[in-house]
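This report describes a nonpolar core, a pocket and a helix. The sequence and structure come first.

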Amino acid sequence: MYKRALTVLLTAHLLFLAGFLCLGQMEEIQRNLQIKVPVAADSESRMIGIASRTSSGQRVVDCNELQRNSRYHLDMVELEVLLKIVEAEAGCEDEEGKLLVANVILNRLNSDKFPDSVSEIVFQQENGITQFSPVSDGSYDRVQISEETVRAVGRALDGEDISEGALYFAARDYADSKRMRWFDEKLTLLFRHGGHEFFKE
């Protein structure tokens, strides 16, 4: 009982600290994710908020533009969490693979079985085990969000869902065999795409 209370207290403290750090970096995040220089963009880029190039040659994203016609309305912090987890989980996948990971997160957001925010879903732990390996191994914190990830997340936020209702995914080649056994025994395999397998209950 004591250990559980201590675990809950430590988790709450870590979430508070992470939230504080995110808020402290909000201005920098907004600078990195918004169009600062008016530049010409092609029609596809303009639709999802990507400027062709700034004066430095770097492509940047306007998250307000990304969410303008969105079915989901996430604040800047939640949107950054979604972009980072998609990049961390599916950075080597094609755009559809990235879309599928975003779909799973949003499917969880719409499910009564999971927490009510993207951040809570991504950082959720059960029995001390994180739901997403990039959170536990730290790669989540090191990703650089690609244009393809922004496009995929934009498509997901606009309501495009190709996941067949998947609530789980796993990369069998990299997953612990004990965890994969749980997927195989407790869930229904829907399909495979790239290096991931997608499941529902």
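## The second largest pocket

In this predicted model, the second largest pocket holds about 1000 Å³ of space. Its lining is made up of 36 residues, and Q131, S133, F169, R179 and F183 are the closest to the pocket centre. Two or more lining residues come from each of α5, β2 (129-130), α8 (133-137), β3 and α10. Of these, α10 supplies the largest share of the lining, with five residues. The table divides the lining of the second largest pocket by residue class.

| Class of lining residue | Number in the second largest pocket |
|---|---|
| Nonpolar | 16 residues |
| Polar | nine residues |

## The largest nonpolar core

In soluble globular proteins, nonpolar side chains tend to be buried together. The largest nonpolar core here has 40 residues, and the members that touch the most others are L82, I85, V118, V153 and L157. At least two residues of this core come from each of these elements: α5 (76-90), α6 (95-109), α7 (118-122), α9 (147-157), β3 (168-170), α10 (177-186) and β5 (196-200). The element that gives the most is α6, with eight residues.

## Helix α6

How many residues of α6 are buried? The count is 14 of 15, so α6 is largely enclosed by the rest of the structure. From its first C-alpha to its last, α6 reaches 21 Å, close to the 21 Å expected at 1.5 Å a residue.

Notes. Residues are numbered from 1 along each chain as its sequence is written. This is a predicted model: local features need pLDDT of at least 70, side-chain atom pairs count only at pLDDT 80 or more; totals for chains, interfaces and linings use all residues. Side-chain values use heavy atoms; hydrogens and water are left out. A nonpolar core is a set of buried Ala, Val, Leu, Ile, Met, Phe, Trp, Tyr and Cys residues joined through side-chain atoms within 4.5 Å. Buried means under 20% relative accessible area, exposed over 50%, partly exposed in between (1.4 Å probe, protein chains only). Helices (H or I, at least four residues) and strands (E, at least two) are DSSP runs, numbered from the N terminus. On a 1 Å grid over the protein atoms alone, a cavity is a set of points where a 1.4 Å probe fits but cannot get out, and a pocket is an open set with protein on both sides within 12 Å along at least five of seven lines; lining residues have an atom within 4 Å of a point. Grid points are joined across faces, edges and corners, and a volume is the space filled by probe spheres set on the points. Ala, Val, Leu, Ile, Met, Phe, Trp, Tyr, Cys and Pro count as nonpolar, Asp, Glu, Lys and Arg as charged, and the others, Gly among them, as polar. The expected span of a helix is 1.5 Å times one less than its number of residues.
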